[in-house]
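Here is a short report on one protein model. It runs from the overall fold to single residues.

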Amino acid sequence: MTQPPQGFGPPVPQYGPQYGQHYGPTPPPPPHPPTPQGPEFVAVDTRNAIAVDAEGVTLDMNGVQAEFPWPEVRSVHYRASPNGKALMLGVIHLDGHFYEAVVDARPKARLTEWFTQLAWVLHHYRPTG
């Protein structure tokens, strides 16, 4: 029986989990980074909704959503409707387009609460307007 030359031994295994291969189901991808926490404003009626949070402004009009991340928002404007029973909020996009949603405030006193909350939340995310 001859012995292999010095420095040679059994071949190194080329495949297997110990060398980085993975067998079996693929592990789930890492979760998305958490959304930064901060104040939120939400106004909802039976058909429409307005949300302002750390990500930006979302308008929901009869089930159609428009999302505006803060880097795409030039400015946000709001006021009471002419009859004083609804919140009217408009977003001016960086490209100059204007988007608006109207949310009924029932009871009417809720509109005052919304104005207070909305002013504070907008100032938090857009201190210069």
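## Fold and conventions

Helices (H or I, at least four residues) and strands (E, at least two) are DSSP runs, numbered from the N terminus. The model is predicted: local features need pLDDT of at least 70, side-chain atom pairs count only at pLDDT 80 or more, and totals for chains, interfaces and linings use all residues. Residues are numbered from 1 along each chain as its sequence is written, and side-chain values use heavy atoms, with hydrogens and water left out.

Along the sequence the order is β-β-β-β-β-β-β-α.

## Surface and contacts overall

Accessible areas come from the Shrake-Rupley method with a 1.4 Å probe; for residues, only the protein chains shown count as cover. The accessible surface of the protein is about 9,500 Å². Carbon and sulfur atoms hold 59% of that surface.

Burial is read from relative accessible area: buried means under 20%, exposed over 50%, partly exposed in between (1.4 Å probe, protein chains only). Of the 129 residues in the protein, 29% are buried. Contact means heavy atoms within 4.5 Å. Take the contacts between residues at least 6 apart in sequence: 38% of them join residues at least 24 apart.

G56 sits in strand β3. Its relative accessibility is 4%, so G56 counts as buried. Setting aside neighbours within four places in sequence, G56 is in contact with A51, F68, P69 and W70. For the pair G56 and P69, the C-alpha to C-alpha distance is 4.3 Å, at a sequence separation of 13 residues.

H93 belongs to strand β6, which spans residues 86–93. Is H93 buried or exposed? H93 is buried, because its relative accessible area is 17%. Residues up to four places away in sequence aside, H93 touches F68, E72, R74 and Y99.

## F98 in strand β7

F98 lies in strand β7. With a relative accessible area of 48%, F98 is partly exposed. Which residues does F98 touch, not counting those up to four places away in sequence? They are G90, V91 and I92. F98 and V76 are 22 residues apart in sequence, and their C-alpha atoms are 9.6 Å apart in space.

## Backbone features in loops

N62 occupies the loop between β3 (56–61) and β4 (64–69). Phi of N62 is near 55°, a positive value in a residue other than glycine. N62 has 57% relative accessibility, so N62 counts as exposed.

P107 is in the loop between β7 (98–104) and α1 (110–125). R106 and P107 are joined by a cis peptide bond, with omega about 0°.

## The positive patch

R47, K85, R106 and K108 form a positive surface patch. Patches are made of residues with over 30% relative accessible area and no salt bridge; like charges are joined within 9 Å, nonpolar side chains (Val, Leu, Ile, Met, Phe, Trp, Tyr) within 5 Å. A salt bridge is a side-chain nitrogen of Lys or Arg within 4 Å of a carboxyl oxygen of Asp or Glu. Lys and Arg count as positive and Asp and Glu as negative; His and the chain ends are not counted. The place of a charge is NZ of Lys, CZ of Arg, CG of Asp or CD of Glu.

R47 is in the loop between β1 (41–44) and β2 (48–52). K85 is in the loop between β5 (73–80) and β6. K85 is partly exposed, because its relative accessible area is 48%. Leaving aside neighbours within four places in sequence, K85 is in contact with D104, A105 and K108. K85 and P107 are 22 residues apart in sequence but 8.3 Å apart in space, C-alpha to C-alpha.
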